[in-house]
Amino acid sequence: MSTLRHTVSNLRGRPARTFLTALGTALGIATIVALLAVVGGAQRSARAFVHLGPAEFGLFQRDAADPTTSILPTSLGESLDRTPGVAATAPMMLLIDRLPQASGAIVFGAEAGDFLARGLVFSSGRLYRADNEIVVGDGLAEKLHLALGRALKIGHLKLAVVGIYHTGIAYQDSGAFVPLATAQQISGRQGEATTIVVKLDATTRPAAAERTITRRFPGVTVVSDAQQAARSGVSEQLISQFGLVIVVLALVIGGIGVANTMLMAVIERRTEFALLSALGFSGRQIAGRVLLESVLTTVLGAAIGLLFGILGARLLVMAIGAQTFVTPYVSAWTLGRGLLVGVLLGVLGGIYPAWRAAHVTPAAVLAQH
Amino acid sequence: MAGARVTVDHVSRAYGSTLVLDDVSFVVEPGEFVALTGPSGAGKTTLLQLIGSLDRPTKGRVLVDDVVVGDLAHPAGFRRATVGFVFQLHYLLSALSVLDNVELPMVAARVPHRERTQRALSLLEEVGLGDRAGARPSELSGGERQRVAIARALAGRPRLVLADEPAGALDTHNAANVWRLLGEVRDREGATVIVVTHDIGLAEQADRMIRLVDGRLAEPAQEISAQEGTS
């Protein structure tokens with residue numbers, strides 16, 4: 001208890017150093033928390049995306065760089081319809097970055113008769129009936145001041161707004177739906193879709209259907225949850241691995257920073273440690289005090305870093321223009337990991353300085369004065 | 001509690017090719033108050049560090065009671081249990097209060113908090129600083145800081161008190177005060193006290209003087225020398 005009290009007194013007695021060390025840790029933790037929050041938000045969006053409408057899962061091209069770059073022939077839907085357990089299928093084309101006025105908005109290409117488009121609930125207007133018509137989410141309508149009858153340019157086509165819908169899912173309400181043929185025309189991919197979403201019979205178990213489809217159609221990947229969505233895309237994997245690299249780098253750089261600052265503190269305070277040794281403190285006791293000081297400083301930094309991280313995640317999402325479909329998600333586990341990393345930084349960064357402090361030779365140091 | 005018996009047995013200490021102590025031998029009896037004198041560079045501080053297990057002799061051995069201090073695997077434990085140090089520079093930790101500073105040796109010995117605080121307050125009363133327990137060292141005068149350092153040296157109930165020029169940086173009044181406190185330590189606690197000093201006037205108040213010259217023990221005839229009074 002007294003060791004803790006003495007350590008806190010020591011830290012308070014050197015406010016500038018304590019603050020700067022904590023700040024260094026805070027930046028590392030903030031990076032980690034921000035990345036985890038963005039990845040968490042993206043996974044939640046992916047989960048909503050996979051379960052678009054009443055679909056159980058989505059089919060994507062195997063080994064596509066990213067789910068959004070997947071290409072499947074729409075004719076695949078007909079074969080799928082004949083698969084036991086499949087109640088309905090709907091080919092869907094995703095158009096990303098085709099609305100320069102609303103960066104990040106997604107345009108969904110779906111046939112009017114499919115369960116996806118039929119499931120939209122309109123606050124005004126109706127579903128499209130012709131290829132030159134579009135329905136927009138209420139979020140997009142508000143952002144672009146769109147009303148029924150207004151024209152909206154998607155790619156090189158000008159489409160008439162005939163309906164405004166609300167689904168309650170942010171990335172859908174901030175996007176738009178167009179006929180599948182229109183989406184194919186805009187992307188120049190006639191007869192193709194990004195994904196085919198699948199609705200199963202009420203009596204069919206998703207796992208069984210997934211096994212059947214994978215066996216029958218070896219060129220596709222069945223994505224039934226967000227984790228799978230993340231794993232299915234090479235880019236997603238790269239982003240995931242990049243995130244891991246950032247976390248490790250933050251740990252290493254943060255650890256070196258903490259070690260450097262603590263080492264400077266130890267060198268500057270050699271007399272203090274020599275005195276403690278002369279007063280009967282064992283090397284282990286002295287090392288423990290330095291380690292405790294290091295951990296307390298980095299935990300303080302971690303607390304600041306958690307706040308910075310939450311704010312930083314929002315800024316990061318805005319910076320990459322993904323705020324439409326990614327809302328940073330900070331879970332208790334994300335915060336816990338941030339704190340854990342803080343403690344780890346304190347321990348790792350404090351080990352060598354603690355060792356140095358424990359091996360100060362009192363006779364040499366005290367004789368210098 | 002009886003003081004410790006100190007035996008310095010043919011001790012030499014060299015740093016590289018420089019011989020700081022050369023074949024020094026003497027015995028300090030339990031409860032004795034000894035002044036260690038000599039000119040600068042005579043090896044007084046080195047000898048004190050060897051006795052206090054802060055350093056190891058190159059040759060010979062130092063015994064505190066039956067313990068050969070140079071052979072200790074864990075000298076910090078020995079210091080914690082046996083020795084109290086007072087340095088010329090008080091070495092109080094500026095980030096801690098006066099009370100916390102006095103408690104330090106007891107923290108090392110894991111004395112319970114309540115007992116530790118009571119003893120530290122009692123010691124501060126004895127050195128006349130009972131009302132300054134919450135102050136920071138920077139708020140005290142030089143004499144007061146050295147009195148705190150003496151209180152800290154006594155906190156672990158040492159049987160051997162080693163003081164290196166404890167009054168060296170103080171004016172005459174404060175120096176006499178510090179010397180009186182060290183005398184009381186011997187009288188009240190029964191501890192053996194060895195004090196390094198240049199001041200022959202103060203040294204004469206000790207039970208015995210041991211004089212070092214150029215790392216060697218001076219002849220008995222030289223032990224009390226008027227020359228010391230000027231340094």
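This is a predicted model: local features need pLDDT of at least 70, side-chain atom pairs count only at pLDDT 80 or more; totals for chains, interfaces and linings use all residues.

Trainee: Okay. Then what does B:Ser97 touch, leaving out residues up to four places away in sequence?

Mentor: B:Ala133, B:Gly134, B:Ala135 and B:Arg136.

Trainee: Where is B:Ser97 placed?

Mentor: In chain B, in the loop between strand S6 (83-86) and H3.

Trainee: Is B:Ser97 buried or exposed?

Mentor: Buried. Its relative accessible area is 11%, and the cut-off for buried is under 20%.

Trainee: Switching to B:Leu121. Which helix is that in?

Mentor: Helix H4 of chain B. B:Leu121 counts as partly exposed, because its relative accessibility is 35%.

Trainee: What does B:Leu121 touch, beyond residues up to four places away in sequence?

Mentor: B:Leu99 and B:Ala133. There is also a C-alpha distance to note: B:Leu121 and B:Val102 are separated by 8.6 Å, and they sit 19 residues apart along the chain.

Trainee: Now charges. How many salt bridges does the structure hold?

Mentor: 21, over all chains. Take B:Arg116 and B:Glu103, whose side chains meet at 3.2 Å, N to O. B:Arg116 lies in helix H4 (residues 113-126) of chain B and B:Glu103 in helix H3 (residues 98-108) of chain B, so the pair ties together parts 13 residues apart in sequence.

Trainee: Are B:Arg116 and B:Glu103 buried or exposed?

Mentor: Both are buried.

Trainee: Which residue of chain A forms a salt bridge with B:Glu103?

Mentor: A:Arg5. The closest N and O atoms of A:Arg5 and B:Glu103 are 3.8 Å apart.

Trainee: And how many salt bridges does the rule find across the interface of chain A and chain B?

Mentor: Two. Polar contacts there come to five residue pairs, with both residues at pLDDT 80 or more.

Trainee: How many residues are in contact between chain A and chain B?

Mentor: 25 residues of chain A with 23 of chain B. The buried area is about 2,100 Å², and carbon and sulfur atoms give 63% of that.

Trainee: Which residues of chain A lose the most area to chain B?

Mentor: A:His6, A:Leu275 and A:Leu279. Together they make up 25% of what the chain A side buries.

Trainee: Back to salt bridges. Which residue does B:Arg188 pair with?

Mentor: B:Glu184, with closest N and O atoms 3.8 Å apart.

Trainee: How exposed are B:Arg188 and B:Glu184?

Mentor: B:Arg188 counts as partly exposed, at 43% relative accessibility. B:Glu184 is also partly exposed, at 26%.

Trainee: Which residues are linked with B:Glu184 and B:Arg188 in a network of salt bridges?

Mentor: B:Glu126, B:Arg180 and B:Glu189.

Trainee: What about B:Asp207? Which residue is its salt-bridge partner?

Mentor: B:Arg186, at 2.3 Å between the closest N and O atoms. This pair links distant parts of the chain, 21 residues apart: B:Asp207 is in the loop between helix H7 (200-203) and strand S9 (208-213) of chain B, and B:Arg186 is in helix H6 of chain B. B:Asp207 counts as partly exposed, at 42% relative accessibility.

Trainee: Last topic, packing. How many residues are in the largest nonpolar core?

Mentor: 55. B:Leu47, B:Ile51 and B:Leu160 have the most contacts inside it. Helix H11 (residues 270-278) of chain A gives the most to this core, with five residues. Another core of 42 residues lies apart from it, and B:Ala120, B:Ala135, B:Ile150 and B:Val185 are among its members.

Trainee: And which residues does B:Ile51 touch, again not counting those up to four places away in sequence?

Mentor: Among them are B:Val6, B:Phe26, B:Val62, B:Phe78, B:Leu160 and B:Ile194.

Definitions and conventions. Residues are numbered from 1 along each chain as its sequence is written. Chains are lettered from A and ligands numbered from 1 in the order in which they are written. Side-chain values use heavy atoms; hydrogens and water are left out. A salt bridge is a side-chain nitrogen of Lys or Arg within 4 Å of a carboxyl oxygen of Asp or Glu. Helices (H or I, at least four residues) and strands (E, at least two) are DSSP runs, numbered from the N terminus. Buried means under 20% relative accessible area, exposed over 50%, partly exposed in between (1.4 Å probe, protein chains only). A nonpolar core is a set of buried Ala, Val, Leu, Ile, Met, Phe, Trp, Tyr and Cys residues joined through side-chain atoms within 4.5 Å. Contact means heavy atoms within 4.5 Å. Buried area is the accessible area (1.4 Å probe) that two parts lose on being put together, summed over both. A polar contact is a pair of N or O atoms within 3.5 Å; within protein, one must be able to donate a hydrogen and the other to accept it, and residues adjacent in sequence count only if both atoms are side-chain atoms.
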